[in-house]
Amino acid sequence: MMTGASTPPPATRPRRSRLRTVLPLAVAAWLVLEIWLLTVVADVASGFTVFLLLIAGIVLGSVVIKRAGRRAFQNLNEALQRGTAPSSGGGSGLTMLGGLLLMLPGLVSDAAGLLLLVPPVQKALGRYAERTVDRKLRRSAPGGLGDAFQQARVYRPGGKVVQGEVIRDEPGDAPREQRPPLNR
């Protein structure tokens, strides 16, 4: 039946990002690799050896996370006592990630966690992550989340706050509401 009205175009779904497509497959492949490697090591050594390796990874990972967290809290506390910003160096986040990878059951994650505990690797990954985040923030559209991060990163010497008042342009016949001043 023809009514003369045009039919609406079919709804186009937004294209899935590459990460949303690849990430589930990568996680599944990683899990299969971990299980396969554990069975190979269990065949070569014994199941008890694999069990001890997994327990050692959990214990070592928890110790690493505890020490990194304690060090980060200590740095923050010292910076607050000095009245300065905490130093970004130290690699606490990457150390904690290394500890978390050690705690995950599996030999590949243990190797990656141990690799993250090596200081030159931490520095290289830290620089790479910082460059990547800066590049993404510069490319982001104005008014987006990247713009908010850019505004938060602006350094204002002296930390002066300029007090002001917001004045709305309303039609002339609207009654004005009297508000107390914002001074403290």
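Two residues are in contact when they have heavy atoms within 4.5 Å of each other. Keep that in mind as we walk through this structure, a predicted model in which local features need pLDDT of at least 70, side-chain atom pairs count only at pLDDT 80 or more, and totals for chains, interfaces and linings use all residues. Residues are numbered from 1 along each chain as its sequence is written, and side-chain values use heavy atoms, with hydrogens and water left out.

Let's start with the overall layout. The protein chain has six helices and zero strands, so reading from the N terminus you get α-α-α-α-α-α. Helices here are DSSP runs of H or I with at least four residues, strands are runs of E with at least two, and both are numbered from the N terminus.

How far can you trust the picture? The score to look at is pLDDT, the predictor's confidence in each residue, from 0 to 100. For the protein chain the mean pLDDT is 79, and 65% of the residues reach 70 or more. Confidence is highest in H4, at 93, and lowest in helix H6 (residues 145-153), at a mean of 53. Where pLDDT is low, the predicted coordinates should not be read in detail.

Now for inside and outside. A residue is buried at under 20% relative accessible area, exposed at over 50%, and partly exposed in between (1.4 Å probe, protein chains only). Of the 184 residues in the protein chain, 14% are buried.

An α-helix has 3.6 residues a turn, so residues three or four places apart point the same way.

Which side chain of opposite charge is nearest to Asp 110? That would be Arg 67, and it is 17 Å away. Asp 110 is buried yet has no salt bridge, meaning a side-chain nitrogen of Lys or Arg within 4 Å of a carboxyl oxygen of Asp or Glu. (For charges, Lys and Arg count as positive and Asp and Glu as negative, while His and the chain ends are not counted.) Leaving aside neighbours within four places in sequence, Asp 110 is in contact with Leu 53, Leu 101, Leu 102 and Leu 104.

Over in helix H3 sits Thr 95, which counts as buried because its relative accessible area is 7%. Thr 95 and Gly 113 are 18 residues apart in sequence, and their C-alpha atoms are 8.4 Å apart in space.

Helix H2 shows both sides of the story. Val 50 belongs to H2 and is buried, because its relative accessible area is 9%. Not counting residues up to four places away in sequence, Val 50 touches Leu 38, Val 41 and Ala 42. Val 63 is also in H2, but a relative accessible area of 42% makes Val 63 partly exposed.

Val 63 is part of a nonpolar patch on the surface, together with Phe 48, Phe 51, Leu 52, Ile 55, Ile 58, Val 59 and Met 103. Helix H2 (residues 47-82) gives the patch its largest share, seven residues.

Technical notes
Patch = residues over 30% accessible without salt bridge, like charges linked within 9 Å, V, L, I, M, F, W, Y side chains within 5 Å. Areas by Shrake-Rupley, 256 points an atom, 1.4 Å probe, with all protein chains shown as cover.
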